[in-house]
Amino acid sequence: MKLKLMVKYLPMIKKTTFLTTRYLRFNRQQWAALRDSVPMTITQNEIDQLRGINEDLSIKEVAEIYLPLSRLLNFYISFNLRRQAALEQFLGTNKQKIPYIISIAGSVAVGKSTTARVLKALLSRWPEHRKVELITTDGFLHPNSVLQKRGLMKKKGFPQSYDMHRLVNFLSDLKSGASQVTAPTYSHLMYDIIPSGDKIIYQPDILILEGLNVLQSGMDYPHDPHRVFVSDFVDFSIYVDAPETLLESWYIHRFLKFCQGAFSQPNSYFHNYSKLHKKKATNIARSLWKQTNWLNLKKNILPTRERANLIMTKSADHAVQSIRLRK
């Protein structure tokens with residue numbers, strides 16, 4: 001009987017063991033110790049400007065979580081530059097400026113944007129004074145006119161809602177050493193791509209790419225097969241994680257704050273929501289979470305988590321409690 005049970009659950013055991021052993025695990029105290037003597041380079045006032053509408057981000061969080069992470073990334077970036085120099089010396093070619101690309105993935109409302117902004121601020125202030133740019137993949141969503149034509153407005157953020165060819169071409173040009181590339185920009189107020197709002201990127205040392213889809217591969221795009229993926233251009237990937245119950249509560253809380261703030265602007269796509277009673281707005285937010293964001297998380301985002309080089313897991317107060325770093 002025991003043998004039959006072992007055979008039945010062996011595939012599950014093997015998978016769990018694989019995912020456990022390929023990562024080094026750190027609790028908050030262990031990770032904070034890896035800061036070493038890296039100095040704090042941003043103030044509390046700057047941190048207040050970097051945090052999201054729904055988050056509490058303290059200087060302690062930056063010191064214990066983000067400074068060790070920026071130290072690790074600086075090691076990786078320096079090593080990558082030495083490797084590039086070795087290749088150029090071997091080939092006898094002139095030095096090209098090839099950016100180091102860091103991707104940040106995770107659910108809606110988990111705090112990806114805050115993580116991206118904090119890392120941008122810290123990495124740009126290392127003694128090397130590297131040029132850091134931040135791009136979100138929201139800009140590579142198809143315009144609303146295209147999504148409406150294809151019946152995908154309720155699937156915004158799902159794989160089929162992105163112009164992946166444009167995103168891949170953007171990253172390919174960057175990694176080819178192009179002197180400048182352009183990226184479309186997205187307005188959360190308009191809930192659409194900004195016409196003629198392309199952002200020009202001039203040869204950064206580091207590019208931070210933040211979005212729901214940065215860890216997805218070909219299996220996530222059966223409707224539009226292609227052989228090159230975002231992950232082919234990423235040097236280091238981060239997944240910001242949290243329990244689903246927290247994600248839902250954070251999403252609802254953020255939605256209510258938007259109703260009191262950004263949604264109240266007359267040109268907001270969601271202006272009508274600002275007129276709702278709190279209870280009605282809460283019910284709508286919960287419905288939007290279940291019908292769209294939770295479904296996208298379970299089907300398309302969460303399955304990519306173990307592809308990341310580093311997984312940050314948050315607790316109820318948005319503080320990171322544990323970190324897994326791929327060996």
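## The cavity

The structure, a predicted model, holds one cavity of 30 Å³ or more. A cavity here is a set of points on a 1 Å grid over the protein atoms alone where a 1.4 Å probe fits but cannot get out. The largest cavity contains about 50 Å³ of space, a volume being the space filled by probe spheres set on the points.

Its lining, meaning residues with an atom within 4 Å of a point, consists of Glu55, Asp56, Leu57, Glu61, Tyr66, Thr114, Lys314 and His318. Four of the lining residues are charged, two are polar and two are nonpolar.

## The nonpolar core

The largest nonpolar core has 91 residues. Such a core is a set of buried (under 20% relative accessible area, 1.4 Å probe, protein chains only) Ala, Val, Leu, Ile, Met, Phe, Trp, Tyr and Cys residues joined through side-chain atoms within 4.5 Å. Helix α4 (residues 59–91) gives the largest share of this core, nine residues.

Phe170, Ile238 and Leu310 have the most contacts inside the core. Leu310 touches (heavy atoms within 4.5 Å) residues including Trp31, Leu69, Phe236 and Ile323, leaving aside those up to four places away in sequence.

## Helix α8

Helix α8, a DSSP run of H or I with at least four residues, covers residues 244–260. From first C-alpha to last, its 17 residues reach 25 Å, close to the 24 Å expected at 1.5 Å a residue, where the residue number less one is multiplied.

Among the buried residues of α8 are Trp250, Tyr251 and Phe255. Their cover includes α9 (278–301) and β10 (310–314).

## Basis of the values

Residues are numbered from 1 along each chain as its sequence is written, and side-chain values use heavy atoms, without hydrogens or water. Local features need pLDDT of at least 70 and side-chain atom pairs 80 or more, whereas totals for chains, interfaces and linings use all residues.

Technical notes:
On a 1 Å grid over the protein atoms alone, a cavity is a set of points where a 1.4 Å probe fits but cannot get out, and a pocket is an open set with protein on both sides within 12 Å along at least five of seven lines; lining residues have an atom within 4 Å of a point. Ala, Val, Leu, Ile, Met, Phe, Trp, Tyr, Cys and Pro count as nonpolar, Asp, Glu, Lys and Arg as charged, and the others, Gly among them, as polar. Helices (H or I, at least four residues) and strands (E, at least two) are DSSP runs, numbered from the N terminus. Buried means under 20% relative accessible area, exposed over 50%, partly exposed in between (1.4 Å probe, protein chains only).
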